[in-house]
Amino acid sequence: MLLTTLPDFPMTTNNDSGTQQWERHSQPAVSMRHAHKSYGKKKKAIHVLNNLDMTVAKGTIYGLLGASGCGKTTLLSCIVGRRRLEAGEIFVLGGKPGSRQSGVPGKRVGYMPQEIALYEEFTIRETMLYFGWIFAMSTREIEERLQFLLNFLDLPSSKRLVKNLSGGQQRRVSFAVALLHDPELLILDEPTVGVDPLLRQSIWNHLVHITKSGQKTVIITTHYIEEARQAHTIGLMRSGRLLAEDSPSALLSAYKCNSLEEVFLKLSRLQSNKIIMAQVQFNNNISFHALGFGSKIDTPSSSREEGVVGLNFQSKENLIESTGSVFTLMQEPYDPPPPSKRPKEERNVEEWYQRVSKLTSSGKIRALITKNLLRMWRNVGVILFIFVLPVIQVILFCLAIGRDPTNLNLAIVNGEMNDTETCQWNDGCHFTNLGCRYLSHLNKTVIKNFYADVEEAKDAVRKGNAWGAIYITDNFTDAFTARAALGRDADEETIDQSEIKVWLDMSNQQVGVMLNRDIQFAFRDFAMILLEQCGNNPKLGDLPIQFKEPIYGTMEPRFTDFVAPGVIITIVFFLAVALTSSALIIERTEGLFDRSWVAGVTPGEILFSHIVTQFIVMCGQTALVLIFMLCVFGVENKGNLAWVILLTLLQGLCGMCFGFFISSVCDLERTAIQLALGSFYPTLLLSGVIWPIEGMPLVLRYISYCLPLTLATSSLRSILTRGWGVMATQVYMGFLSTLAWILGFLIMTLVAMRSRQG
Ligand SMILES: Nc1ncnc2c1ncn2[C@@H]1O[C@H](COP(=O)(O)OP(=O)(O)OP(=O)(O)O)[C@@H](O)[C@H]1O
């Protein structure tokens, strides 16, 4: 099926045409000399590229062969500019990767990584639009090219989601992405792995076809050695070096083998066996170095001797010459572009202009932002999480935190009552049954359970059946009346009998303190009303302290009002962390990051696009949080709403940047989640959200001031409860600290993202 849709390309080797093309095109597409690359540091370093030399002639297919783990992917990632060499030189399309002359990473290169590296929730068309826009193609151009690629690669409807395609179809879409913009240099990392033979052949056919013109170059890695016979050049790689680099026919005849696999085995054995030294004439520099003799970073010794070359390579094509400049394969020695002779100032201005114009392009930003929004939109769960979660959090906070506990059991023993069922008393200036009269004021929060005996009541508290026991003495009314009448002449027994005895369960501080308050308030109300009804000034029954109308807040402050500012900020901050802390990791682990990077997208652009999309989402979240807090649950705002909104948004932005930072330093999503969750409680506890920081030890208090939420919480609290403006120190410090943290997180994220490039 597949083959019938393909052009009828030759399926045999192209050695002859390859030779002609080498002669036609003098500049190599890729040239690498004395390349060294390792992973890890010092003693633990794994040396992946060891003094590797490589030349890929323009207009040819270069098959890079080697066992798993020999360094092929690393080599390709250095070519596309994804990783940097530690030593050695590399020139791609006329310049070093990353330089203006090279244009790589960028649209001159098409890269198909080993992983599928596609956005699963996109359709084929959306995938093409995303990469096409990055490559500055117009939508019409992309559509046209898409039609061609759909037919050519026998792909299903462009409306199909990538995740619903078969493995082979996904691989073809990935291949189509690399071909989309018709790049000069096509780099394919194992495009045929796990692919059926028909598709494998069609891929090779296409590669042969596109290199025919001599303008396109292909570097392809594969484990299937024999399929690489169709390449013009083969590089046999082992242990970070090229054992040989030649056309398939030359390799077969030079080693007198029937298959490339045999050639590879023979060369591998030779490399492992140094006795070969005696049998080989070392004229070929690749062979010499690949065999591991001499210093690693020595310049390969120049040899212009005639005769048999290297490991019996007899073709002249593989004679690698050294002229003091970069080595080439059967070509004019390739010299890197000469340094510009123009005045330094002129160069500086131009470089500055290039840098500014290279900062970004509208196509890239459009592609990245559309991609982020589309990914979010396609994940219904995420959308729900984004908008429902903050609302649920606010509702739960307002309903569960800060309200006075009610229906608290109190065990009451009233010695003045005849039975435990009724507690009668008369209103007005009567001095009868004062115990019952007092108890009538105690009804706000408690359930009164009457007991006959004090020990029984205390037992109820001990067993957890009541929060406290209250005992009113047998002659409370008389003793209380005598105490009031006698004043300072009242004796000890009268005073003792006139007192209400209370035993509280103080194991729960909030309940204990509140009962204490209510029991005292009940007495104050009882005394003031009685005095008033007896024609006295009710104030005589109160403490001689006058609490005037508070300057800020109310006479009965709510705990909710104290916690609400911190809760608003915590919700917005940590929701943003949750949204972003794995954003970059997911792209990185799926290979999407690398692919976009090679297409020319910079870390700054990726970060910017995420900030824009997440910011849009965050505006919605902030609006919901504030509407529910202020309008639905009536949290008081005495200040300017604009400052409240601005500070909340800035805190969301700050959380987002913290999330990006986590995302940039963690390799695994699991680690990122642990870090984000792990930071939640310490931040919450230390930021003065649930308890005033004035209660902390001094050192902790200073640490607390340095956290991103502390000053912002205090600032928002001042705006909401005191109505302060932004000119107040406590308010603007919240804004300044938030801005400083945003900047700090952004810088750290960019540094971490860039350091990963090495
Ligand atoms: N990021 C990394 N950190 C540490 N080691 C790495 C990293 N990437 C690759 N390696 C190691 O470098 C070596 C070469 O890996 P590379 O992926 O380049 O090999 P390869 O030839 O492409 O293998 P395969 O054919 O299986 O894809 C391997 O030993 C690998 O474990």
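How many bridges join strand 3 to strand 8, and in which sense do the two strands run? The legends below take up this question and then move to other parts of the predicted model.

**View 1. Strand 8 and its two partners.** Strand 3 (residues 61–66) is joined to strand 8 by 5 bridges, and the two run parallel. Within this pair, Y62 stands opposite T233 of strand 8. Strand 8 also pairs with strand 9 (residues 241–246), here in the antiparallel sense and over 5 bridges. In that pairing L236 stands opposite A244 of strand 9.

**View 2. The turn between strand 8 and strand 9.** Strand 8 and strand 9 form a hairpin with 2 residues between the strands. In this hairpin S239 takes a positive phi near 50°.

**View 3. G59 in its loop.** The loop between strand 2 and strand 3 contains G59. Is G59 buried or exposed? A residue is called buried when 20 or more other C-beta atoms lie within 10 Å of its own. G59 has 25 other C-beta atoms within 10 Å, and is therefore buried. E184 is 125 residues away from G59 along the chain, yet the C-alpha atoms of G59 and E184 are separated by 8.8 Å.

**View 4. The residues around the ligand.** The ligand is surrounded by Y39, I46, V48, G66, S68, G69, C70, G71, K72, T73, T74 and Q114. Sorted by class, this shell has 4 nonpolar, 7 polar and 1 charged residues. Strand 2 (46–57) and helix 2 (72–79) each supply at least two residues of the shell. Which element gives the most to the shell? Helix 2 does, with 3 residues.

View 5. Strand 10 (residues 408–414) pairs with strand 11 in the parallel sense over 5 bridges. One of the facing pairs is L410 opposite K448 in strand 11.

View 6. The unreviewed UniProt entry gives the annotation "transmembrane region" to several segments, including residues 380–402 and 562–586. In the model, residues 380–402 are 91% helix and 0% strand, with end C-alpha atoms 34 Å apart. Residues 562–586 are 92% helix and 0% strand, and their end C-alpha atoms are 39 Å apart.

**View 7. The chain that holds these details.** The chain has 27 helices and 13 strands. Of its 758 residues, 42% are buried. Among contacts between residues at least 6 apart in sequence, 73% join residues at least 24 apart.

Methods: Residues numbered from 1 in each chain as written. Predicted model: local features only at pLDDT ≥ 70, side-chain atom pairs only at ≥ 80, totals over all residues. Helix = DSSP H or I, 4+ residues; strand = E, 2+ residues; numbered from the N terminus. Buried ≥ 20, exposed ≤ 12 C-beta atoms within 10 Å, placed from the backbone. Contact = placed C-beta atoms within 7 Å. Pairing = 2+ DSSP bridges. UniProt positions renumbered as here; feature names shortened; annotations may be inferred. Near = placed C-beta within 6 Å. Nonpolar A, V, L, I, M, F, W, Y, C, P; charged D, E, K, R; others polar.
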